[in-house]
Amino acid sequence: MVLAELGGCISNALRKLNNSSVIDKKELGKCLNEITHALRDADVNFEFINRHINNIKNNINFDHLSEGLNKRKIIEQAVFNELCSLLNSEKPSFTPRKGKPSIVMFVGLQGSGKTTTCTKYARHHKKNGWNPALICADTFRAGAFDQLKQNATKAKIPLYGSNDYALTSGEIGNSYTELDPVKVAVEGVERLKKEVYDLIIIDTSGRHKQEASLFEEMRQLEQATKPDVVIFVMDSSIGQSAFDQAQAFKQSVDVGAVIITKLDGHAKGGGALSAVAATDSPVIFIGTGEHMDDFEEFNTQSFVLRLLGMSDLPGFMKKINGVVISKDEKSKQAQDLSKGKFTFRMMYEQLQNILNMGPMSPLLSMLPGFKSDFMPKTKEKDAQAKIKRYMTILDSMTNKELDCKKDMCKSRIMRVARGVGLQVKEVTKLLEEYKRLAKMFSKVKTLNTPHMLKRMGGLQGLMKTLQT
């Protein structure tokens, strides 16, 4: 059972209370039995299921409830609170300090997506003002350095590590032979501390609790590098064994945070979610896909709201406002709009903002009435491909054309089409879309992504436009 199905089953169990003329202990029992089965099917740890179901029963006392109270809402709130409690940790989450080097060490099972997650974590912080660098301390797995180097190059993050047993660092340092991952990590940390980097991220070998030697190596890495936080990367698809594995890592090193990966597709996820309690550490991010943008900050209440199909408007607005243009640029564009000027360059910037929001399905799932699988991935990929195609066409225009608001003549259209390697009709489609947007923005005095989405009929209107 994937997480979307788990949320649907819990929501259906709560919804059935609406059909009951009288809500009493018997109806509550039926509801909680359905929730119990759903959690078990999702691989949530049995011990945790029983504990939290008993907590719900203890928190709802029908004998002390007044007649006028909405019992369904009380039960719904109790279930919501317990699901949040399952994922919450009393330990505060770690936040790197800007301007002063922070060391972050990543650990996890083989195949958990740890190496990719390291780069996503670095890229996220780079976008938010940090200056990160990566260290590849995985000398055990063949191709580990090459994978991290490929990801780091794509994200433009400096890398220091081991490539086929030869220490290399891309932009940093020289190459020489070194087999010991502890020495690689220590020398990398010492080198990067002298540079301008304020976030040093160490990628270590994947391991499981049966590999005593690799667990000892992990302890040595922690002792030698003295990280500010150890982040445990948990694969959401490994099921009931997640709890024991998480506990083994926690007993070996001081796990201070958790990142859950592969929460897209057919991962059950319940095992990973309950395993968080075994580490007694907060979930700080979740990975929802293979791409660099498929990485979200974790908020317990927002996650549970979306799991149950309820609206998460604060999360939605945070995501939208995160791509709004700067005040200075907004002021300049407002002046242009007040003069009736909407250019191809302004269109390009708005398309870029929409892409920066990432996949649409997770965004839509924050709104009431939408599920995380509202838009099939194939349609979403087609929509994003259309935006990128439009941007490629705009890239083929000259600066004079980008800043002009007049129609393009036929010869210019043909030149742009030849420059980008597309048919003339593709450029014509872009021009039609530009005219539509120009007409729309001629009626407004501001230009930002939320306003643009509203004018286009919301996200539904946007996706309808992109799919045509």
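The legends below describe close-up views of a predicted model. Residues are numbered from 1 along each chain as its sequence is written, and side-chain values use heavy atoms, with hydrogens and water left out. Because the model is predicted, local features need pLDDT of at least 70 and side-chain atom pairs count only at pLDDT 80 or more, while totals for chains, interfaces and linings use all residues.

**View 1. The protein chain as a whole.**
The protein chain has 21 helices and 10 strands. Helices (H or I, at least four residues) and strands (E, at least two) are DSSP runs, numbered from the N terminus. Of the 468 residues in the protein chain, 52% are buried. Buried means under 20% relative accessible area, exposed means over 50%, and partly exposed lies in between (1.4 Å probe, protein chains only). Among contacts between residues at least 6 apart in sequence, 72% join residues at least 24 apart; a contact means heavy atoms within 4.5 Å.

A search of the whole structure finds 5 cavities of 30 Å³ or more, and the largest cavity holds about 110 Å³ of space. A cavity is a set of points, on a 1 Å grid over the protein atoms alone, where a 1.4 Å probe fits but cannot get out, and lining residues have an atom within 4 Å of a point. Grid points are joined across faces, edges and corners, and a volume is the space filled by probe spheres set on the points. The lining of the largest cavity consists of Ile35, Leu39, Val44, Phe48, Ile49, His52, Ile53, Ile56, Val79, Glu82, Leu83 and Leu86. Helix H2 (25-41), helix H3 (46-59) and helix H4 (71-87) are the elements that give two or more residues to this lining. H3 gives the most, with 5 residues. By class, the lining residues divide into 10 nonpolar, 1 polar and 1 charged. Ala, Val, Leu, Ile, Met, Phe, Trp, Tyr, Cys and Pro count as nonpolar, Asp, Glu, Lys and Arg as charged, and the others, Gly among them, as polar.

**View 2. Phenylalanine 62 in the loop between H3 and H4.**
Phenylalanine 62 lies in the loop between H3 and H4 and is buried, with a relative accessible area of 11%. Not counting residues up to four places away in sequence, phenylalanine 62 touches Ile23, Asp24, Lys25, Leu28, Lys71 and Ile75. Isoleucine 23 is 39 residues from phenylalanine 62 along the chain, and their C-alpha atoms are separated by 9.2 Å.

**View 3. Proline 181 in helix H7.**
Proline 181 is in helix H7 (residues 181-193). Its relative accessible area is 7%, so proline 181 counts as buried. Not counting residues up to four places away in sequence, proline 181 touches Ala137, Thr139, Glu217 and Leu221. Proline 181 and threonine 139 are 42 residues apart in sequence and 5.9 Å apart in space, C-alpha to C-alpha.

**View 4. The two sides of helix H18.**
In helix H18 (residues 410-420), Ile413, Val416, Ala417 and Val420 are buried. They cover an arc of only 100° around the axis, which puts them on the same side of H18; the arc is that of the directions from the helix axis to the C-beta atoms. An α-helix has 3.6 residues a turn, so residues three or four places apart point the same way. The face of H18 turned away from its buried side carries the exposed residues Arg418 and Gly419. Glycine 421, with a positive phi near 75°, follows H18.

**View 5. Two loop residues with positive phi.**
Lysine 226 is found in the loop between helix H8 (212-225) and strand S7 (229-235). Its phi is near 50°, a positive value in a residue other than glycine, and at 62% relative accessibility lysine 226 counts as exposed. Aspartate 280 is in the loop between helix H10 (270-279) and strand S9 (283-287). Phi of aspartate 280 is likewise positive, near 50°, and aspartate 280 is partly exposed, with a relative accessible area of 45%.

**View 6. Cysteine 118 without a disulfide.**
A search of the whole structure finds 0 disulfides, a disulfide being a pair of cysteine sulfur atoms within 2.5 Å. For cysteine 118, the nearest cysteine sulfur is that of cysteine 136, 9.0 Å away. Cysteine 118 is buried, with a relative accessible area of 0%, whereas cysteine 409 is partly exposed at 38%.

Technical notes:
On a 1 Å grid over the protein atoms alone, a cavity is a set of points where a 1.4 Å probe fits but cannot get out, and a pocket is an open set with protein on both sides within 12 Å along at least five of seven lines; lining residues have an atom within 4 Å of a point.
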